[in-house]
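The points proceed from each chain as a whole to individual residues.

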Amino acid sequence: MIRKEIRFVMPRTMEEAVLILDEVGPDGRVLGGGSVLVTAMSAGLGAPKVVIDPAKLGLDQIDEHADSVSIGARTTYAALLKSEIISERLPLLRAMVEEVTGGPGLWNLATVGGSCCYANPASDAPACLTALNAQFHLASTGGTRVVSAKNFFKGAFVTDRAPNEMLSQIQIPFGQAVPRTAYFKLKHSASSWPIVTAACQLVEVSGEKHLCLAMGGLSARPVFAEWRSKKPFSEKHAEAFALEATSQVSEAWADELADATYRLRASKTVALRVFKRVLGDDKCNQN
Amino acid sequence: MTVERSAKSLIGSSPSRLDGIKYTRGQVRYSADLIPTGALYVALVRSPIRRGTIRSICLAKALAVEGVMAAFDGKQIATATDPTPPAFPFPPPYTGRPVLGESVAIDAVSYVGQAVAVVLAESPHVAEAAAELVSVEYDELVAVSNADEALSDSAPIVHKGWSANIVGEDRIFAGNVEEAFAKASVVIEGEIEVKPSTVAPMEPICYIASWDAQSHHLTVTGTFQNPHTSRWQIATALRLEETDVRVVAPAMGGGFGFKMAGHPEEVMVAALSKILDRPVAYVENRRDTFSGHCREQIHKFRIASSRDGRITAFQDDFVADVGVVGPCNGWTMPLVTGTVFPTLYDIANVAIRGTVVATNKPPWRPIRGYGKEIANLVMERAVDMLAIKLCIDPLELRLRNVHPPEALPRPLPSGLNVDSGNYPAALHDLHSLFGYDEWRVRRDASRGDEIRIGIGIGLELTPEGGARPGAFPSGFETASIRMSPTGSVELSIGVTSPGSGNETGLAQIVADVLGLEPNAIRVRQGDTDKVPVGTGNASSRALLYGGPAAHLAAVDLRDKLAICASNVLGGERDEITFADGYAIAANGERLSLSEIAFGVHTKPFTVAKGVQLPLEATRSFQPSNVRIAPDANGRIATYSSFPYSAHAVAVQLDAGTGHVKVLDIATVHDCGVMVNPALVTEQLKGAVAMGIGAGLWEELKTAPDGSLLTDRFKTYLLPRATDLPTIKVGHMCTPSPFHPLGLKGAGESGVAGALAAVVNAVADALSSDAEVRTVVPVTPPRILDLIIKAGTR
């Protein structure tokens, strides 16, 4: 039950939106799809005075540029699933979106931008976008600044976004070579939050192989590791890489569904599995 | 097997549900849809502490909020109410002991979430916002946080007026257990800890009370599973005559026991409406629904057998932590648990010691299975552990130990008299339905792999038709039938539907007698002003008790109609048959029932000659397989019927993560004669889903301070459709020799067997990593912990 009256605004321009946000400060919230914000307000958790719905700002576009794809902050999971640009250029993101919990009711509503701004450690988007080296465009009355995923996700439910800033788009780079990718999501059952996720990508850049892994659910912020080599990576490396990546974590995340011990234990299996899928029998990796 | 009665046209058929289209189109109105304009909404201020005294309550800030019409603390409510009487009496030696009967706390609190004040406003938003402004000062006291603490000598006493925290005890014995264990070749010991879980119905609790001062009449509409019990409790607490109170239970979005009588809000809302002389509504939020926990208990068992697998003795000692005892009967579930042992097995020596204790937790809410599911879980885990020890296939070991059909009827050590069944046949049917041999091959091939298969069996005995002396109401149900002057047939009955479709089954029974179609019968349920006194929805009794009552009433009406028909058509009344809406004489001449009804009302001296008018009949059914005279062990038998089922589950276990995926489920079920097989099948599938959920995922967790952590569906994990494979269902029919229609009750059963089978399947996949101690639900963190402790990974 939403207990207090709220001011609900649908600004027509970004300038208007950031001006309102600037005025109301921490009492303002920007609506994504509402799957988190509206639910929380209904449960009496958090009582914003102003809710800004960016529905009229055209932030639901997916555009391909020369070496990147930009995704409007209000793009739904359903739109991402439908997009050929995403399937062709960002197969790792596509694989992640396919694993998002819920049904059409959620996919048609919830947005990747909203999920990133919420920054729940037990969610899909933060780690995947970290693996993809996504750039977050944050608009305010002072202009727009761009923050990389590694700096955007600062902790559990904490991002680099200031209260007067609004996410406008997420820009994700892609290379010319087709990447080899794997996304693995461990969860207890269909309705469960992710417990541990792993997003892994292998690309070739100027004759060098770049292997990266980002894990979600394991720590308050995504765990990231990267390896570069002129020589092909082998499946034999998988175990050592998995250990290297997971041993970064000194304090694992815990929530109602899984404690830190379990997450750490399971993370090794999860990391190993994505490495094996990316590194195993890989022509791109072998040549 | 078939019986003569099931050869009739409608019994054993599955016509469309009478209200199916309304449900499908969203035209059904649930309680919260019926809140009248102008009603005041209740928001509750709940205790954040487990135990303490209330130093002060300040309502001023809440009262100052625009739109707030009133606010009260417990003392103010108590001026208009007496404590609510318990729906279920304490068994001796505790008879008459007080329970926490006030709807809002007075002076002290006993659990987190107990209501300490109420705020009423014109909108639920305002009420909830204002409730946050009520300030309450507590002096916190040491709380009893678990069963061990409750039983310690130095424990605080949870309930005022009690001398200890023991709520009840049961001791059940057969044969000589000590001697049998001493002589046994093989003895296995084990332990099962069951964590708290809950029903999680789609529709939370809702009550709407409207006091009419003019006519001195109170109507309470809401999520009532036992309307007459609630009417009695509300009338008693409000110092009203029962006839001054009407309780209405509209369409329900799932009951499963959770909505049985005795929620504090029932009386609270009624009292507020009377105090304020306005309609008052309470709609529970999901978080509060999740505080309705149950099932928390620890069992320590041992089982003995000969080397060739003949089970000779079984012993179980358990302690259940039921929280605070209020007017609702959730706390009685562990007392039922003990009575089910040793389920389907022929075991000569049995000893059960059950202890139920009170702690500073919310009161238990009843749940489907009603304690019987836990007895079956413990029994089946014990048998499986024994099978592993003996190196005998678990299905084969069960075949060697279940009662043969000719041994039935037979008494359980608890005194319950099991009616009928063919357990070996059920196991054989399950074997082929599940594809047991094929699954064994797949399981064996995956042994030792990181991704491996486990298979589990679970047998279930579910006593039904509870008729405990002293409970209100108890062992009978009543049906009234009447035919209108135009021939419409209305059945009014004291059993209710939680959304399960039992009204269709009742209509089938009546239609079968009168030669009508089921959709010609109007079934009235859930309105204390319109239906006879009855239990409502509990213990699979709608068809089990309501069915024969409806049948008896319909036969009485048919007898009257037969006289009328013979008055008009000539011939003997005994030769009149009924089909297709007509009464048909031996010579083939016929008269429609509407013509008869109209004739009765317009030409009573000819058409109704020799008939005791009106065209109505009221009959009750009392079960025969209930015994109130104590047996040699001093025990009575309060369940009349004994459906059973055999379940098999195959799971895939990921030893790297502890993750479990359910691959296959098969269930063979015997509830005797099935009035409507489709309804039985779908209820059974729902029960299986609940059993799997309870076995694998569903767990309520609380913080050390007693606050609930799992208060939403993202943290309390129910199975979704994609979590479960197609559930294969097989039916058997061994009619009850004690029931006039051969029924044994359906609707509740199926939870226990699925729960036991899935837990056994996980243990099977774990193989040597499984421990003698099982914690349910067997979640991935617990599974991975076992694997790592065993050092096999």
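1. Chain A contains 12 helices and 14 strands; helices (H or I, at least four residues) and strands (E, at least two) are DSSP runs, numbered from the N terminus. The model is predicted: local features need pLDDT of at least 70, side-chain atom pairs count only at pLDDT 80 or more, and totals for chains, interfaces and linings use all residues. Residues are numbered from 1 along each chain as its sequence is written, chains are lettered from A and ligands numbered from 1 in the order in which they are written, and side-chain values use heavy atoms, with hydrogens and water left out.

2. The overall dimensions of chain A agree with those of a compact globule, because 287 residues would give a radius of gyration near 19 Å and the chain has 19 Å. This radius is taken over C-alpha atoms, and the globule rule is 2.2 Å times the number of residues to the power 0.38. Along the principal axes, the C-alpha trace of chain A spans about 60 × 45 × 35 Å.

3. In chain A, 53% of the 287 residues count as buried. Buried means under 20% relative accessible area, exposed over 50%, and partly exposed in between (1.4 Å probe, protein chains only).

4. Among contacts in chain A between residues at least 6 apart in sequence, 61% join residues at least 24 apart; a contact means heavy atoms within 4.5 Å. Chain A carries 31 positive and 30 negative charges, whose mean positions are 4 Å apart. Lys and Arg count as positive and Asp and Glu as negative, while His and the chain ends are not counted; the place of a charge is NZ of Lys, CZ of Arg, CG of Asp or CD of Glu.

5. Chain B has 21 helices and 29 strands. The C-alpha atoms of chain B fill a box of roughly 90 × 70 × 50 Å, taken along the principal axes.

6. Of the 793 residues in chain B, 63% are buried. Chain B exposes about 28,500 Å², with 52% supplied by carbon and sulfur atoms. For contacts in chain B with a separation of 6 or more, residues 24 or more positions apart account for 80%. The chain has 72 positive and 86 negative side chains, and the centres of the two sets lie 1 Å apart.

7. Helix α8 of chain B (residues 264–276) has 13 residues and should span 18 Å at 1.5 Å a residue; its end C-alpha atoms are 18 Å apart, which agrees. The expected span is 1.5 Å times one less than the number of residues. α8(B) is mostly covered, with 10 of its 13 residues buried; among them are P264(B), V267(B), V269(B) and L272(B). D277(B) follows α8(B) and has a positive phi, near 55°.

8. One joins P92(B) and P93(B), with omega about 10°; P93(B) is in the loop between α3 (74–78) and β4 (108–109) of chain B. Another joins F341(B) and P342(B), with omega about -5°; P342(B) is in the loop between α10 (333–337) and β15 (349–357) of chain B.

9. A200(B) is not a glycine, yet its phi is positive, about 55°. This residue occupies the loop between β8 (186–194) and β9 (206–212) of chain B and counts as buried, at 10% relative accessibility. S539(B), also a residue other than glycine, has a positive phi near 55°. S539(B) is in the loop between β21 (521–524) and α16 (541–544) of chain B, and is buried with a relative accessible area of 17%.

10. V319(B) belongs to strand β14 (residues 311–321) of chain B and counts as partly exposed, at 26% relative accessibility. Not counting residues up to four places away in sequence, V319(B) touches A147(B), L151(B), Q297(B), I298(B), T355(B) and V357(B). V319(B) and I665(B) are 346 residues apart in sequence and 31 Å apart in space, C-alpha to C-alpha.

Methods. Accessible areas come from the Shrake-Rupley method with a 1.4 Å probe; for residues, only the protein chains shown count as cover.
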